[in-house]
Amino acid sequence: MQKFTTLTGLVVPLDRANVDTDAIIPKQFLKSIKRTGFGPNLFDEWRYLDHGEPGMDNSKRPINPDFVLNQARYKGAQILLARENFGCGSSREHAPWALLDYGIRAMLAPSYADIFYNNCFKNGILPIVVDTKTLEQLFREVQVTPGYPLNIDLAAQTVVTPSGQKISFELDAFRKQCLLNGLDDIGLTLQHVEAIRAYESKRKQEAPWLFS
């Protein structure tokens, strides 16, 4: 998993509450478990004017010019600004895969669905919780300022706006260290690889019939 330390990125505002995982990546795209290739179908039903299916040439599909991801000023955005209860619905891990494959590395919202929130950390995405007053301010500033960036420092747990305003955020210490070190569940397990090998070697001697 890619480490998350600091990020200075363009912000894209998604001004919708209760965005569920089927909106983030529709169910017909869940057939693959490769973790990559989902970016072109992120928010597929809002992004395109036709019905999307796996294998379609997205470059030839009619796009919705009113959807934020299709607006030139937000091209290349790495930070998503969202409303409450983002990522609700089914627990599909494909949702953070699609966001990450598109290029989103961090999000700011007042609340997230629990399973989606946990899945973000396991895939190298930082979901930041901000209060409603701060969120409203950020939405206003992004709307009136083309190319609006934020600087995120995970170690310091701060978000800095273009005007220099510093916004602090809370984060579980364990999740923070995992992101800083690029450790997903597999990475955490492999930190103990020598102990695992020693145990397997011991078990082969104690119970060789289990390994025949």
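**View 1. The largest nonpolar core of the predicted model.** This core holds 58 residues, and those with the most contacts inside it are Phe43, Phe86, Leu99, Met107, Phe116 and Leu126. A nonpolar core is a set of buried Ala, Val, Leu, Ile, Met, Phe, Trp, Tyr and Cys residues joined through side-chain atoms within 4.5 Å; buried means under 20% relative accessible area, with a 1.4 Å probe and protein chains only. The model is predicted: local features need pLDDT of at least 70, side-chain atom pairs count only at pLDDT 80 or more, and totals for chains, interfaces and linings use all residues. Residues are numbered from 1 along each chain as its sequence is written, and side-chain values use heavy atoms, without hydrogens and water.

**View 2. The surroundings of Leu99.** Neighbours within four places in sequence aside, Leu99 is in contact (heavy atoms within 4.5 Å) with Ile24, Leu42, Phe43, Leu80, Phe86, Ile104, Met107, Phe116 and Ile125.

**View 3. The aromatic pair of Phe43 and Phe67.** Rings of Phe, Tyr and Trp (its six-membered ring) pair if their centres lie within 6.5 Å, and planes over 60 degrees apart count as edge-to-face. The structure holds seven such pairs. Phe43 and Phe67 pair edge-to-face, at 5.8 Å centre to centre and 65 degrees between the planes. Both Phe43 and Phe67 are buried. Together with Trp46, Phe43 and Phe67 form one aromatic cluster.

**View 4. The aromatic pair of Phe86 and Phe116.** This pair is also edge-to-face, with 5.4 Å centre to centre and 70 degrees between the planes. Phe86 is buried, as is Phe116.

Conventions: Buried < 20%, exposed > 50% of the residue type's maximum accessible area, 1.4 Å probe, protein only. Phe/Tyr/Trp six-rings, centres within 6.5 Å; stacked < 30°, edge-to-face > 60°.
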